[in-house]
Amino acid sequence: MVTPASVSDHNAAARGPRRYDGMEIAIADIGVFFAYPWPEERALMQELFEAVARVGALLVVYHTDTDIRVFRKVEEEGELEAPHAHANRQ
């Protein structure tokens, strides 16, 4: 299992800005992340977001056909704002 600490350790700041091959911007410059995880991967998506996103970034997560959840990173140390903003389609 990946924990926020192990993700942070893997991408130490000394290695430079986190980015994927071919990306022109650093991950820290991204403001909105969208994830469509399997149910058992939802916690991992939040852990990864906490580890790499900048303060103020949004994580939009597809949960079900009627539940899309939005999280905002509010602190440097991996704290997420409660998912009060979510869309329910009926």
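How many aromatic pairs does a search of the whole structure find? The search finds two, where rings of Phe, Tyr and Trp (its six-membered ring) count as a pair if their centres lie within 6.5 Å, with planes under 30 degrees apart called stacked, over 60 edge-to-face and the rest tilted. Keep in mind that this is a predicted model, in which local features need pLDDT of at least 70, side-chain atom pairs count only at pLDDT 80 or more, and totals for chains, interfaces and linings use all residues. Residues are numbered from 1 along each chain as its sequence is written, and side-chain values use heavy atoms, with hydrogens and water left out.

- Helices (H or I, at least four residues) and strands (E, at least two) are DSSP runs, numbered from the N terminus.
- Both phenylalanine 33 and phenylalanine 49 are buried (buried means under 20% relative accessible area, exposed over 50%, partly exposed in between, with a 1.4 Å probe and protein chains only).
- Tyrosine 36 and tyrosine 62 are also edge-to-face, because their ring centres are 4.4 Å apart and their planes are at 65 degrees.
- Tyrosine 36 lies in the loop between S1 and H2 and tyrosine 62 in strand S2, so this pair ties together parts 26 residues apart in sequence.
- Tyrosine 36 is exposed, at 61% relative accessible area, whereas tyrosine 62 counts as buried at 16%.

**Strands and their partners**

- S1 (residues 32-35) runs parallel to S2 over four bridges; two strands pair if DSSP finds at least two bridges between them.
- Alanine 35 has valine 61 of S2 as its bridge partner.
- S2 pairs with S3 (residues 67-72) in the antiparallel sense over six bridges, and the two form a hairpin with two residues between them.
- Strand S2 (residues 58-64) is mostly covered, with five of its seven residues buried.

**The nonpolar core**

- The largest nonpolar core has twelve residues, among them Phe33, Phe49, Val61 and Phe71. Such a core is a set of buried Ala, Val, Leu, Ile, Met, Phe, Trp, Tyr and Cys residues joined through side-chain atoms within 4.5 Å.
- S1, H2 and S2 are the elements that give two or more residues to this core, and H2 gives the most, with three.
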